[in-house]
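Reader: I'm new to this one and would like a close look at a single part. Could you start there and then show me what lies around it?

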Protein chains: 2
Amino acid sequence: MRIVITGGAGFLGMRLARAILARGALTDAHGNVHPVREIVLADIAPARDIGDARVRVVSGDLADPSLVERTIGRDTDSVFHLAAVVSGHAEADFDIGIRVNLDATRALLERCRQLAAPPKFVFASSLAVFGGTLSDPVEDTAPLTPQSSYGTQKAIGELLVYDMTRKGFIDGRSLRLPTVTVRPGKPNKAASSFASGIIREPLAAVEAVCPVAPQTRMWVSSPRAVIANLIIGHEAPASAFALTRSVNVPGLSVSVEEMVAALRRVAGDAVADRVRWQLDPAIDRIVSTWPARFAPTRGLALGMRGDANFDSIVQAYIEEDMPRA
Amino acid sequence: MRIVITGGAGFLGMRLARAILARGALTDAHGNVHPVREIVLADIAPARDIGDARVRVVSGDLADPSLVERTIGRDTDSVFHLAAVVSGHAEADFDIGIRVNLDATRALLERCRQLAAPPKFVFASSLAVFGGTLSDPVEDTAPLTPQSSYGTQKAIGELLVYDMTRKGFIDGRSLRLPTVTVRPGKPNKAASSFASGIIREPLAAVEAVCPVAPQTRMWVSSPRAVIANLIIGHEAPASAFALTRSVNVPGLSVSVEEMVAALRRVAGDAVADRVRWQLDPAIDRIVSTWPARFAPTRGLALGMRGDANFDSIVQAYIEEDMPRA
């Protein structure tokens with residue numbers, strides 16, 4: 001099978017590609033095993049070479065239909081659409097958010113209509129589609145009430161994915177991912193960037209600022225669990241999805257102070273004491289609109305799983321992603 | 001003040017223009033009265049001349065930013081966005097639905113960002129944003145769960161209107177209109193077109209086909225009530241709207257057989273017997289996903305009102321809109 005991963009130069013995209021390549025094949029709803037012939041990594045900048053002949057790298061603006069045409073060949077079987085302008089960036093720059101989070105999603109979906117057969121389309125949505133007064137925990141069927149431009153653009157993507165699935169243009173699945181932590185590398189413009197930073201930087205002997213209150217709860221997932229859940233979302237039969245094709249992906253509900261306590265247990269006082277608490281109202285405003293507790297009924301029924309506890313998330317980062325000294 | 005009405009060549013657009021011109025002014029949230037200096041009627045085809053020097057007519061594709069720039073001047077105070085590809089048409093032709101219901105809405109909103117001051121933006125949304133399993137009656141806060149491309153495109157419009165209001169680009173209000181009946185003129189490609197046809201054609205001595213089951217309930221409004229409610233939605237203070245800026249506009253819940261019974265009471269057996277019942281599965285499928293009972297709490301609080309009964313809707317059509325013999 002031929003697979004396209006947008007956001008393919010990013011941390012999650014690269015990791016998803018590696019996981020699929022390591023498996024060598026994906027299974028369809030009937031249990032048939034399809035060897036992976038090609039993975040296209042598409043992103044604004046070229047993905048780095050991962051030394052596998054099955055990988056093709058495409059770079060450029062995914063809102064440009066001609067680039068999308070080069071990315072998604074007529075025999076593409078599956079698209080994992082991970083590319084996005086993150087929450088804080090989309091809030092600060094409305095136009096870039098619309099272009100990447102809405103126009104690029106549109107261009108990809110339009111291209112999928114032209115393929116030989118309707119491809120699977122796994123859309124990385126977000127808990128940011130929710131906000132305001134919500135049930136606690138948040139059900140899969142909770143209203144789309146985004147309180148940020150990022151959440152709005154993701155909610156619009158979900159509506160398009162569902163309508164185009166209903167029309168038979170694609171076989172779409174919108175997976176609302178928890179906040180992914182611990183991400184390696186540099187901070188980014190996501191309002192949730194600190195959730196990785198307060199673990200990653202202290203472990204690298206660097207001070208980290210936590211811009212939200214210690215009691216702030218978040219719905220988080222390790223990269224490993226998110227990758228596994230993306231593949232489950234892809235392999236699940238269409239019939240396993242309910243009305244809207246949107247699923248709350250299982251995660252872990254944890255407060256920021258519990259995150260730091262886990263860091264303290266795993267890495268010791270000297271490391272955990274490198275977290276400095278300094279409220280940033282702009283970030284706090286966005287993060288506080290996100291719900292932190294979900295009833296991920298559909299995702300659990302599909303076989304998706306969240307992490308057991310935050311200690312194991314910290315431990316997994318140290319083992320898998322932390323740069324070696 | 002300067003007002004733009006999209007869909008300005010259509011029945012509701014023309015009627016809204018006449019109602020505003022007859023008033024001569026609109027009132028703002030502080031009770032200040034603003035004389036109407038200009039109404040721009042914008043539509044794909046030119047609006048017919050209504051003999052008022054305050055009216056300017058613009059025609060063309062509203063998804064074309066250059067036309068939108070000519071339509072919405074920098075000193076525009078208010079936009080009533082009524083232009084749409086109707087439900088049955090958007091379902092049959094996905095591309096034209098996306099172009100008019102999504103791209104044109106985007107182009108209008110983008111233009112509004114460039115104005116001297118954020119304009120009021122009254123977006124004609126629809127009960128088609130709802131579908132599937134819903135509470136009965138449907139609350140203002142019910143989830144956006146459209147089951148048609150038209151409803152999807154209107155839901156996306158609501159999300160954009162709310163986000164751009166939150167950002168301060170516009171002062172938006174999304175009014176979910178009931179099915180408007182009785183519309184004069186010819187049938188159109190709305191799945192709900194029959195709701196006017198089964199009254200209008202028999203009164204013109206023409207047989208009419210009802211394509212849904214007699215028990216099918218609908219949420220309807222006379223043109224007169226809808227126009228009054230659009231103006232109330234425009235004049236209401238921003239503070240009167242709750243979180244999302246979306247409002248279920250009051251209407252009347254009535255079954256199709258009750259509509260025909262009202263026609264019988266008002267116009268007699270010979271007229272009512274011209275309705276022929278013949279199920280059209282394509283239309284029935286769309287209409288049956290629309291809810292028929294609402295709790296229009298916010299609209300009522302704003303002062304919006306539905307019609308008292310269907311007899312008065314038939315009577316109003318005969319008095320105001322029926323062609324004279």
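Is A:Ala205 buried or exposed?

Author: A:Ala205 is exposed, since 10 other C-beta atoms lie within 10 Å (12 or fewer count as exposed, 20 or more as buried, and anything in between as partly exposed, with C-beta atoms placed from the backbone). Before going on, bear in mind that this is a predicted model, where local features need pLDDT of at least 70 and side-chain atom pairs count only at pLDDT 80 or more, while totals for chains, interfaces and linings use all residues. Residues are numbered from 1 along each chain as its sequence is written, and chains are lettered from A and ligands numbered from 1 in the order in which they are written.

Back to A:Ala205: its phi is positive, about 65°, although the residue is not a glycine. You'll find A:Ala205 in the loop between H6 and strand S11 (208-210) of chain A (helices, H or I with at least four residues, and strands, E with at least two, are DSSP runs numbered from the N terminus).

Now hop over to chain B. B:Ala205 isn't a glycine either, yet has a positive phi of about 65°. B:Ala205 sits in the loop between H6 and strand S11 (208-210) of chain B, just after H6(B). With 10 C-beta neighbours inside 10 Å, B:Ala205 counts as exposed.

Among the buried ones are B:Phe194, B:Ile198, B:Ile199 and B:Leu203. B:Ser193, B:Ser196 and B:Arg200 of H6(B) are buried as well.

A:Val182 belongs to the loop between strand S10 (179-180) and helix H6 (193-203) of chain A. Chain B has a cis peptide bond between B:Asp136 and B:Pro137, where omega is about 5°. B:Pro137 is in the loop between strand S7 (120-126) and strand S8 (138-139) of chain B.

Finally, the two chains touch: 16 residues of chain B are in contact with 16 residues of chain A (contact puts C-beta atoms, placed from the backbone, within 7 Å). On the chain B side, helix H5 (residues 149-166) supplies the largest share, six residues.
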